Structures are given as C-alpha cells and as structure tokens.
Amino acid sequence: MNRHAIVIGAGLAGSSAAERLAARGWTIDLIDAADSPGRGASGNLAGVLRPLPSLDDNRLARLTRAGFEHACRHFAALTASGQALRWAPTGVLHLARDDRHAATQQLVVERQQPAADALRFVDREPASRLAGWPVASGGWWFPGGGWVDPASLCRANLAQHATAIRTHYATEVAQIDRPGDLWRACDAAGALIAEAPVLVVANASGARRFAVTAHLPLRAARGQVSHLGAAAASAPAIVVCRLGYVTPAIDGVRCVGATFRIDDDETALRDTDHAENLAKLDFILPGYGSALAASKLDGRVGFRPLSPDRLPMIGAVGDASAIDADAPARPLAEMPRVPGLYVINGFGARGIVWSALAGELLACQIAGEPLPLVDELVSAVDPGRFLLRGRSRRVRTGAEPSKNDAAAKAPAPTSRGQRD
Ligand SMILES: Cc1cc2nc3c(=O)[nH]c(=O)nc-3n(C[C@H](O)[C@H](O)[C@H](O)COP(=O)(O)OP(=O)(O)OC[C@H]3O[C@@H](n4cnc5c(N)ncnc54)[C@H](O)[C@@H]3O)c2cc1C
C-alpha cells in the first residue's frame with residue numbers, strides 16, 4: 001500500500017493522527033487554514049488533563065481513563081525525545097459541587113478502589129491545603145493530573161516527525177473528492193493542494209462543509225477562557241476544578257474557565273463571559289477573585305467540536321449515499337464505508353485528554369493493526385454510528401430520509417459532561 005495520507009486540520013486531532021501515522025512510516029500532507037498548528041480550539045494557553053470517573057464506570061468514563069493514561073505516556077515520550085511540550089503534572093483537585101456530589105465521589109472511590117496515586121477522595125481541610133486557599137468542600141484528588149498547553153502539544157506532535165509530515169499552512173481546503181484511486185484536497189480556486197490514497201478529516205466542525213462528511217452531526221460550542229495576572233509561586237499551584245477550573249500560574253498568567261455555548265459564533269471576547277468565569281472562580285475558590293473586574297480581563301475564545309452523544313468520532317467514514325433507508329438497521333460492522341476516508345473529530349471538552357489515544361486508534365485502523373481499545377469502545381466512537389441511528393429512526397417513524405438526516409435530527413448536545 002502507498003503509505004501516504006492527507007490530514008486536514010493541525011489541531012490536537014490532526015496533529016495526533018499525523019504523528020501516529022508518521023511513526024509508522026507514513027508520509028503526511030497536513031493542511032491547515034491557519035498559519036501555524038494549534039490555532040483553533042487547540043490554542044488555549046492551558047487546559048486540564050485528568051480522567052473523569054462515574055459511579056457506573058460508563059463508556060465516557062472508561063474512554064477518558066484510557067485516554068488519560070495514554071496521554072501521560074505519550075507526553076512523557078515526547079518530552080524524553082526533546083520536544084518542547086509544555087505541561088505539568090501538578091495534580092488536579094476536583095471539588096464536589098455539593099454534599100450529594102461529595103457522597104457520590106466518595107462512593108466511586110470506595111467501589112472502584114483506584115490506586116492512591118491515581119485518585120483519592122480528600123476532605124475539605126486537606127483539599128484546602130492542596131489548593132492553598134480555603135475551599136467549601138472536599139473532592140477527588142488526581143495526583144497525576146495537571147495542565148497542558150495544547151498548541152505546544154500540536155507543535156510537538158508535528159516536530160516529532162518533521163521530515164515525514166509536509167505542512168501546508170494558511171491553506172484552506174474548499175473541496176475534497178476521489179475521482180480515481182486517490183483523494184484530492186483542493187482550494188477555493190479548484191487548485192490541487194495534495195492527493196493521497198488516504199484522507200483524514202480533522203478540521204473540527206469544518207468537516208460539515210465536505211459533502212462526504214456533511215452527515216456527521218457536529219456542532220461548535222463557543223468557550224471563553226479568562227486570563228488572570230498571577231505572581232510566580234502564588235496559590236493555587238495545582239489545577240482546581242468545580243463546575244469550572246483554575247490553573248496554576250503559567251508564565252505569569254492563570255487561566256479560569258470556561259463558558260460553554262452551542263452555536264454561538266461570536267469570536268470577540270465578552271465581558272459577560274468574563275463575569276461568568278469570575279463567578280465560577282468564586283465557586284471554586286471563594287473570595288479569590290473579589291478584587292478583579294470582568295471589564296479588565298484578557299482571555300481567549302475557542303470553538304469545541306461537539307458530537308451529540310458526547311463521544312468523539314474516530315474511524316472510517318460511513319457512506320451516507322449507500323445507506324438504504326428502507327432496509328432494516330444492520331450492525332456497524334456491515335456499514336458501507338467511503339474508501340480511504342477517515343475522521344478524527346468531536347472531541348468536545350476532552351481533546352487534551354483524548355487526542356493521543358484517538359490518534360493511535362485511528363492509525364491502527366488505517367494501518368490494519370490490533371486496536372488499543374476494547375471493541376465496545378471502538379464501536380462507541382465509530383463515526384458510522386450516526387448513520388445507523390438516523391436510519392433506524394427513519395425506519396421507526398417512517399419519515400422521509402433527508403441528506404443530512406443524522407445532523408438534522410440529532411438532539412443538541414448539552415454542557416452536561418462537556419465541562420472542560
Ligand atoms: C475554552 C475551551 C476550554 C477547553 N478546555 C479543555 C480542557 O481543559 N481539557 C481538555 O481535554 N480539552 C479542553 N478543551 C477541548 C479541546 O481544546 C478540544 O477538544 C480540541 O482542541 C479540539 O481539537 P481539534 O483538532 O478537533 O479542533 P481544532 O483545534 O479547532 O483544529 C481544527 C483545525 O482545522 C482547521 N481547519 C478548519 N477548516 C479547515 C479547512 N477547510 N481547511 C484547512 N484547515 C481547516 C482549523 O484552522 C483548525 O486549526 C477546551 C476547549 C475550549 C474551546
């Protein structure tokens with residue numbers, strides 16, 4: 001096989017896929033509309049790296065635990081190779097939002113018996129000592145969690161295989177097609193940017209503009225982070241979360257976030273969102289930001305690519321045009337696929353945690369290697385699931401199929417479980 005792929009998007013999704021394929025000897029043409037990697041959702045100063053357990057250890061929790069463990073190994077490997085990845089495993093304190101939540105957090109630890117260096121429950125007093133500030137509740141303490149500069153992760157992924165990954169920045173893909181055996185990515189003037197037997201769509205909610213991926217029910221959730229000036233060595237020196245997060249000081253800046261609004265395309269910073277972040281900060285560390293004014297804050301806006309079921313989309317793209325709306329639903333294994341076309345997307349608020357594992361899973365699928373996840377989780381993230389669902393809904397209701405059925409009828413994702 002000609003081991004050559006086009007990857008559209010140089011954020012966490014695209015850079016992770018490119019890195020994993022290049023590690024297997026593939027040549028990559030990586031295309032991004034921005035002038036450098038990590039300029040979209042993956043461009044915040046810092047985000048949170050930690051798992052998110054649940055009482056029933058559901059698919060989201062298992063995927064996030066696997067993603068966290070994989071990410072820690074990947075980050076350590078990049079660092080050991082001399083890449084300038086900026087991250088710090090400071091530990092993450094995830095405070096309970098109320099007594100009921102605290103009881104659930106304790107029950108999770110009792111039932112799941114995690115290793116003490118992975119997760120433990122701490123009461124309010126030790127939690128306050130960890131935070132360096134009096135807090136209102138106890139919570140989960142993830143000693144191995146921390147913060148990551150996501151753009152530095154994108155850059156490190158690409159620098160790891162700089163000769164195998166040809167980059168095309170400031171280049172927007174307007175159209176993709178496969179007239180013969182090769183996929184072609186073309187610009188708005190119809191000029192060819194690259195062609196290869198495999199094409200990976202990793203351009204967040206921009207995937208909806210291509211006819212072959214237009215059925216994917218991707219939405220964008222605007223998120224604004226606020227930046228606070230912070231003295232070096234000031235508390236907290238760890239990441240603290242409670243329906244929001246606050247990071248340690250990173251080059252004199254502490255990140256507080258984040259807002260979450262679906263289908264809100266305002267790119268400019270808003271004072272009302274800064275005020276919302278200051279309210280989150282007060283919930284996390286009471287009184288900490290009382291001297292701060294929303295109108296004086298700086299920050300950053302990004303757009304998280306969301307799927308309606310809060311799970312990512314990783315794998316071969318289903319062929320929407322080959323689906324027979326009148327036939328009964330069939331298993332994912334029988335889903336017709338578009339030859340050579342793959343997607344890595346829908347990371348929502350978990351791109352930092354999921355991207356390394358997602359890149360590895362996708363590369364294994366493309367290269368035909370054993371997969372790094374159990375079948376149940378591979379199916380849970382299979383992008384073909386939306387075509388099955390759309391079709392079974394049509395079969396149940398007798399509704400006429402529409403071209404964008406899955407996208408048109410999927411419920412809007414909510415912020416539940418999507419917090420950063
Ligand atoms: C405010 C906020 C806070 C967050 N906090 C956390 C956190 O604490 N922990 C965590 O794990 N995750 C967090 N996330 C989520 C994480 O950042 C995202 O899941 C991740 O960045 C998505 O990566 P991506 O590569 O899919 O998208 P992007 O980074 O947006 O990359 C898509 C790329 O595609 C390019 N592109 C689009 N269309 C085209 C085209 N037609 N041609 C060429 N290029 C194109 C864009 O320029 C962009 O570079 C947060 C996100 C936000 C917005």
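Q: Which residues and atoms count here?
A: Residues are numbered from 1 along each chain as its sequence is written. In this predicted model, local features need pLDDT of at least 70 and side-chain atom pairs count only at pLDDT 80 or more, while totals for chains, interfaces and linings use all residues, and side-chain values use heavy atoms, with hydrogens and water left out.

Q: What is a cavity, and how many of 30 Å³ or more are there?
A: A cavity is a set of points, on a 1 Å grid over the protein atoms alone, where a 1.4 Å probe fits but cannot get out; points are joined across faces, edges and corners, and the volume is the space filled by probe spheres set on them. Here the count is one cavity of 30 Å³ or more, and the largest cavity holds about 40 Å³ of space.

Q: Which residues line the largest cavity?
A: Lining residues have an atom within 4 Å of a point, and here they are Leu63, Gly67, Pro312, Ile314, Trp354, Leu357, Ala358 and Leu373. Helices are DSSP runs (H or I, at least four residues) numbered from the N terminus; H2 (59-80) and H7 (351-367) each supply at least two lining residues, and H7 gives the largest share, three.

Q: What classes do the lining residues of the largest cavity fall into?
A: With Ala, Val, Leu, Ile, Met, Phe, Trp, Tyr, Cys and Pro counted as nonpolar, Asp, Glu, Lys and Arg as charged, and the others, Gly among them, as polar, the lining has seven nonpolar, one polar and no charged residues.

Key
1 Å grid on protein atoms, 1.4 Å probe; cavity = no way out; pocket = protein on both sides within 12 Å on 5 of 7 lines; lining within 4 Å.
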